[in-house]
Amino acid sequence: MPSLNRDGVHLHYEIYGDGPAILLSHGYSATSQMWRGQIQALSRGHRLILWDMRGHEQSDYPREASAYSEEATVADMAALLDATGADRAIVGGLSLGGYMSLAFHRVHPQRVRALLIIDTGPGFKNDDARERWNTHALEYASRFETDGLGYLHSLSPEMAMSSHRSADGLVRAARGMLTQRDDRVIKSLPEIRVPSLIIVGDRDTAFLAESDYMAAKIPHAAKIVIPNAGHSVNLDQPELFNEAVMQFLDTV
């Protein structure tokens, strides 16, 4: 499988199919493997690009804390599109991957044909709410430091199914990528002018209100609530998830 060298950090990625590009990003401590159930459906008529974020599975785990950030992740995504010859793409992801997709649109709106925002929040305008989120993110770092990769087994399915070489990258990714520092992404929602689909599982209570907020703030966004699904909506209900995404892609 190919890899991209980003200033000495190798990023693993995979390409399936041909046609308009789709770049999908996984959630924190998950990997590109979480999209196995989507490859066959989404690669029909599209070029599906999957990747492992820095600090995750087959990509590199740089030792410097400064190598992990929202800015570095957005730059990684742009470099992946460059490497795969995609000037523009349908950009999306789950949880952290969805947030980074919104962050990517904020920086590179001209490179986004459409957005797929899955079980994701857009960040926080309120400093106290952001600090509560960051406390939660830092708890992940602490648990991976003390429990190692065994901690994955107590987490949601897309995390529990993951395979990593060590927990070191996850610790640094929690501190540098999962934590948030400003409100630029949430404030950018009204500026989104591309077709946008918001998907959330009906049991993902932590992100139901956030999904409603994004649907209200993103002009002309569509929202779908998948029944009997939690945070790993594409794993819990793959057929319903694939059907919703394919119907959206037919309109883009």
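**Burial, backbone angles and a pocket**

Tutor: Asp119 is buried, with a relative accessible area of 0%; buried means under 20% relative accessible area, exposed over 50% and partly exposed in between (1.4 Å probe, protein chains only). This is a predicted model, in which local features need pLDDT of at least 70, side-chain atom pairs count only at pLDDT 80 or more, and totals for chains, interfaces and linings use all residues. Residues are numbered from 1 along each chain as its sequence is written, and side-chain values use heavy atoms, with hydrogens and water left out.

Student: Where is Asp119 found?

Tutor: Helices (H or I, at least four residues) and strands (E, at least two) are DSSP runs, numbered from the N terminus. Asp119 is in the loop between β6 (112-118) and α4 (127-147). Its phi is positive, near 45°, although Asp119 is a residue other than glycine.

Student: Is Asp7 buried or exposed?

Tutor: Asp7 counts as exposed because its relative accessibility is 76%. Asp7 lies in the loop between β1 (3-6) and β2 (9-16), and has a positive phi of about 55° without being a glycine.

Student: Which residues are the closest to the centre of the largest pocket?

Tutor: On a 1 Å grid over the protein atoms alone, a pocket is an open set of points where a 1.4 Å probe fits, with protein on both sides within 12 Å along at least five of seven lines; lining residues have an atom within 4 Å of a point. The largest pocket holds about 420 Å³ of space. Its lining has 23 residues, and Ser95, Trp133, His136, Phe207 and His231 are the closest to its centre.

Note on methods:
Points joined across faces, edges and corners; volume = space filled by probe spheres on them.
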